[in-house]
Amino acid sequence: MASRCLYLFLSISVAVSAGQRLHSSVDELDQVGIFALHRGNKEYVKLLEDAGELLPNIIHRSIPFNSSLERVVVVGDVHGCLEELHDLLHKVNFQQHRDLLLFTGDLGNRGPYSVQVIQEIQRLGGISARGNNDDAALAAWEAYQKGDPIPLIFDWVKELPVEDARWLYELPWSVSVPHLNLVVVHGGLIPGVRLERQSLDDIYEVREVVPLDRAETRWRMVQKGIEEGVAWASIWDGPQYVVFGHDAKRGLQKGMAMATGLDSGVCYGFKLTAVVVDARMGPLQMQGLQAGNGAGMNGNLQYVSVDAHKRYA
Ligand SMILES: *[C@@H]1O[C@H](CO)[C@@H](O)[C@H](O)[C@H]1NC(C)=O
């Protein structure tokens, strides 16, 4: 437990420099609106400069309709656990020609094969949302390139080839499959706020929220360690169905109306989990709040887990 806390502390302290650079640009993003932002747009170019090139080409990625798509396989936080990823893809019988492979982010750190996981996902045509650990790893990679010291937990970035670092830089904050009403993010979304108006920090950091008004119509992320809130996903009522990671402490969260939490703590010796969405059954819609085990979603969600080979962190 002590080492786990230390790791957490180290990864947070490295994340801060990247986060700070991002912060001013996030405020500006809120003013100009994210959808207009692409590299061809001069507002975006300015933000990119302010953010020190940290922002990817596409912040919110959207997958177009594709008639040969049969399933979407969304995998939770892999954290360098390559063997378990192979086990899981084998168990779901992943087939690249018919399955879209998505990830909730936090691809590296803690497990033994961070670089290999990042390379394997590219080889399989997978697309990941950006996790806070992915961002922190990039900050460490940049520091290492400049000859600055980096914390031990990020030692693996020394082996990360520049083309793989570039791929990490391009991880979007969300990946949507609009025709299935599905969005994949790392942390979560603030209830009542449209995707394109969400703060980028919230999207990969949020676990809990507190109400801003007594009617509980508006929410914000808790200040960590200072206040307690409720799981954002327990309040989220759409419009999109959200699959997320980041919350290994709560583990697999599948009892909610419009969200599923997939971080089942593989790097802590628990499980790696995927949710398989049947793409031929139409969009994910709320079936009434008693959705129960989450399979109430037209019956088109299936959960598949594999055990960790060992405890890595
Ligand atoms: C359609 O989706 C499948 C499965 O993800 C993929 O293999 C194929 O390349 C896609 N086709 C197009 C035209 O995008």
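Asn 109 is found in the loop between E3 and H4. Its phi is positive, about 75 degrees, although Asn 109 is not a glycine. Helices (H or I, at least four residues) and strands (E, at least two) are DSSP runs, numbered from the N terminus. This is a predicted model: local features need pLDDT of at least 70, side-chain atom pairs count only at pLDDT 80 or more, and totals for chains, interfaces and linings use all residues. Residues are numbered from 1 along each chain as its sequence is written.

**Backbone exceptions**

- Most residues other than glycine have a negative phi, and most peptide bonds are trans.
- Asn 109 is buried, with 27 other C-beta atoms within 10 Å.
- Burial is a count of other C-beta atoms within 10 Å of a residue's own: 20 or more is buried, 12 or fewer is exposed, and in between is partly exposed, with C-beta atoms placed from the backbone.
- Asn 93 also is not a glycine and has a positive phi, about 55 degrees.
- Asn 93 sits in the loop between H3 and E3.
- Asn 93 is exposed, with 11 other C-beta atoms within 10 Å.
- The peptide bond from Gly 238 to Pro 239 is cis, with omega near 15 degrees.
- Pro 239 lies in the loop between E9 and strand E10 (241-244).

**Chain overview and core**

- The chain has seven helices and 13 strands.
- Of its 313 residues, 42% are buried.
- Contact requires C-beta atoms, placed from the backbone, within 7 Å.
- Among contacts between residues at least 6 apart in sequence, 69% join residues at least 24 apart.
- A nonpolar core is a set of buried Ala, Val, Leu, Ile, Met, Phe, Trp, Tyr and Cys residues joined through C-beta atoms within 7 Å.
- The largest nonpolar core has 74 residues, and those with the most contacts inside it are Val 72, Val 74, Leu 182, Val 184, Val 185 and Val 242.
- Helix H5 (residues 132-145) gives this core its largest share, six residues.
- Leaving aside neighbours within four places in sequence, Val 72 is in contact with Leu 100, Leu 102, Val 177, Leu 180, Leu 182, Val 277 and Ala 279.

**Helix H4**

- Ser 114, Val 117, Ile 118 and Ile 121 are buried in helix H4 (residues 114-123).
- These residues lie on the same side of H4 because they cover an arc of only 100 degrees around the axis; the arc is that of the directions from the helix axis to the C-beta atoms.
- The buried residues of H4 pack against helix H3 (82-91), strand E3 (99-103), strand E4 (127-128) and helix H6 (162-169).
- Gly 125 follows H4, and its phi is positive, near 75 degrees.

**Five-strand sheet**

- Two strands pair if DSSP finds at least two bridges between them.
- Five strands form an open sheet in the order E4-E3-E2-E12-E13, with mixed pairing.
- E4 and strand E13 (301-307) stand at the edges, each with a single partner strand, so one side of each is left without a neighbour in the sheet.
- E3 and E4 pair in the parallel sense over two bridges.
- Phe 103 has Ser 128 in E4 as its bridge partner.

**Three-strand sheet**

- An open sheet of three strands runs in the order E8-E7-E9, with antiparallel pairing.
- Its edges are E8 and E9; each has a single partner strand, so one side of each is left without a neighbour in the sheet.
- E7 and strand E8 (residues 219-221) pair in the antiparallel sense over three bridges.
- In E8, Met 221 stands opposite Val 209, and Arg 220 stands opposite Val 210.
- Strand E7 (residues 208-211) and strand E9 (residues 230-231) pair in the antiparallel sense over two bridges.
- Glu 208 has Ala 231 in E9 as its bridge partner.

**Ligand shell**

- The residues around the ligand are Asn 66, Ser 68, Leu 69, Gln 96, His 97, Arg 98, Asp 99 and Leu 100.
- A residue is near a molecule if its C-beta atom, placed from the backbone, lies within 6 Å of it.
- By class, the shell has two nonpolar, four polar and two charged residues.
- Ala, Val, Leu, Ile, Met, Phe, Trp, Tyr, Cys and Pro count as nonpolar, Asp, Glu, Lys and Arg as charged, and the others, Gly among them, as polar.

Notes:
Contact = placed C-beta atoms within 7 Å.
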